[in-house]
Amino acid sequence: MSSRLNFQLEAQASGSRARAATFHTLHNEVQTPLFMPVGTQATVKAQATQSLEDAGSQILLANTYHLLLRPGPEVFRSVGGIHEFMSWKKSVLTDSGGFQIFSLPHSRSMTEEGAQFQSYLDGRTILLSPELSIETQRAIGSDIMMALDQCIPSTADEAAARAALGITHRWALRSLAARGDSPQALFGIVQGALFPELRRESAESLCAMPFDGMAIGGLAVGESRSEREDTCEFTTSLLPHDKPRYLMGVGTPLDILEAVHRGVDMFDCIIPNQVAQRGGAFTSRGYLQFRRSVYKFSQEPLDPACPCPTCARYSRAYLHHLTKTGETLGWQLLGQHNIYFYHQLMREIRASVLEDRFLPLYHAKREVLHAEDMDHPPQHPVKTRKRRITKLGAYEVHVAPEGFGSIRHIASGEIMHSRTPPIEEARRLYIEQSRLAERLRDADNPEPLVIWDVGLGAAANAMAAIHAYEKAACSGPVRPMRLVSFENDLDSLKLARINNNFFPYLRHAAPDAILKQGSWQSPVHAGLSWTLLKGDFLEKMTQATDLPDVIFYDMFSSNSDNDHWTLEAFRCLFTVCGGRAAELFTYTCSTAIRAALLVAGFHIAKGRSIGEKRETTIALTPAARLLPSTSCHEVFGADWREKWQRSGAKFPAGVTEEQQPDFARAILEHPQFQRL
Ligand SMILES: [Zn+2]
């Protein structure tokens, strides 16, 4: 056939879909399974190409979107391609640029022709069509190019996923045509979110096209681990045996092991580099965080079992020091080790498949790859002989590979904050977007600023607000602030409090007071207080005496907590707000929930991208829209209304078929769209 890679399947593991293969790019022989370090801007951050060669990197990934903007394809044409440009003799895989564009918070639009966006460098408008994507990748001169696809969150509804599929398949054909007789290989990308039927359709359509390899797209963008693993396994079962399979953007060493077991050959991820920047290292003795002072005097190498240049030369004490002082060398050395660790893992996996002992290796590695430092386990500040409680009521503690904790709802598997530490997410989503610091500086206003924290959870949002107040009060006079939290089940806060080594933001007197007596008054700042209204929010909100200026709406999602995301709930909230200027911030970007907010009377705007969410949502009462300070919000225009009309999931739960025409009319006639 037309494969440019001469793919040879060498071995298939018993009792597993894991496999080992070789293929040939324009630059080298590639042995699978393999990991590709991410070199976004034609550089793997903080790593010289020599060190990547030494670590055994076979293919680097570069980002077409970034390289298209800078240095621009003309530079690659003039120097003869990316290999020459960055002095890299092995292979390069370029993505299509689509994922970055779909991740842009602003200024993009999608048509059949392509994805249009504004350059963040000079503001010019660029239409990234399948043709321009391939033309750019040809100029870059990568060994493997990716077809432009339409990326959607893995949690998208079926209609949205189906529409994206149609476009992806038409773009796949255009990409192949644009590739022409170029010797560069080209991969197609199977989409279909979490719908097996759509995945099957996508795989069938794309496998009929002369691609050199197949990628599994649309995962690692919001689904749970088990959803990802199931979809991955199902999708690989649909793919041909004689082409490489590439799972895009995954993952931790454990994620990769699991995906190899499910039949994937190729991976890329920024994690080894990103955790290095934060002082983290994967080792044969578990995950080490070099900020911890247990390494202060340690003369041991980073990983005694690792022959990489970092481990051969530097002590843990030195790496701890570099991390604590924020020295770039710390990032570089830990990055070098982490990339080596990933490649070494892949080499071990490959050897085990070739010798048909993958399954025992898989079981052994599973036990250690998620472990924390086994020799110096993180200490728990609660000195007690009791076993640590990690489950309480409906919840359990989930610890991310990067070392931060979050709370998982056991029944639904839903994790409150899976990608970013909860406190960081709270800051970005609620504190910064509500411009809290700025509002508190309005010290002449004697009226307290009232924040409703709906869904106290493990108190990350509430503590972020309290920290923001304490910080503002240190630097000058501030306006009083009253924080009102709503929660019916305190188990998640209790659980996080017990495990507060994973939730360091809870080391404060306030959460204890909330758990003990349901209220807290700052002993230092007379203007700062916090109350808990325990019970069902829909009932409690009508009893609150302090009405909100700002609402953090952070309930569990509609899958596990339907009542709080209905039209009824938002109508009730809108009524309680009365004519007040109130702004609501929430993590969801669901079309149906946005529609419910509109029909309830709010106006809606686009919230910033957080973690795996490309967008979140801001809702404003009509009075809030008149405030000059809200003009920074990107209020949706008529194009959103059109998108809603096309959506397959227009109506929130609880709107009956009879009510749908009235609901639709309310959207179409909403004042938000009239004024535009
Ligand atoms: Zn090492």
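A metal donor here is an N, O or S atom within 2.8 Å of the metal (3.2 Å for Na, K and Ca), and since water is not among the atoms, sites may look incomplete. Keep in mind that this is a predicted model, where local features need pLDDT of at least 70 and side-chain atom pairs count only at pLDDT 80 or more, while totals for chains, interfaces and linings use all residues. Residues are numbered from 1 along each chain as its sequence is written, and side-chain values use heavy atoms, leaving out hydrogens and water.

Let's start at the zinc ion. Cys306 (SG), Cys308 (SG), Cys311 (SG) and His337 (ND1) coordinate the zinc ion at 2.1 to 2.3 Å. Along the sequence, these donor residues follow the spacing C-x1-C-x2-C-x25-H. The arrangement is tetrahedral (four donors with all angles between 85 and 135 degrees) because the four donor atoms subtend angles of 100 to 116 degrees. Cys306 counts as buried (under 20% relative accessible area, with a 1.4 Å probe and protein chains only) because its relative accessibility is 12%. Cys311 is buried too, at 7%.

Now for the aromatic rings. Rings of Phe, Tyr and Trp (its six-membered ring) pair if their centres lie within 6.5 Å, and planes over 60 degrees apart count as edge-to-face, under 30 as stacked and the rest as tilted. The whole structure holds 27 aromatic pairs. One of them is edge-to-face: Tyr553 and Trp565, 5.2 Å centre to centre with 85 degrees between the planes. Both of these residues are buried. Tyr553 and Trp565 also belong to one aromatic cluster with Trp452, Phe486, Phe537, Phe570 and Tyr587.

How values were computed
Buried < 20%, exposed > 50% of the residue type's maximum accessible area, 1.4 Å probe, protein only. Tetrahedral: all angles 85-135°; square planar, octahedral: opposite > 155°, others 65-115°.
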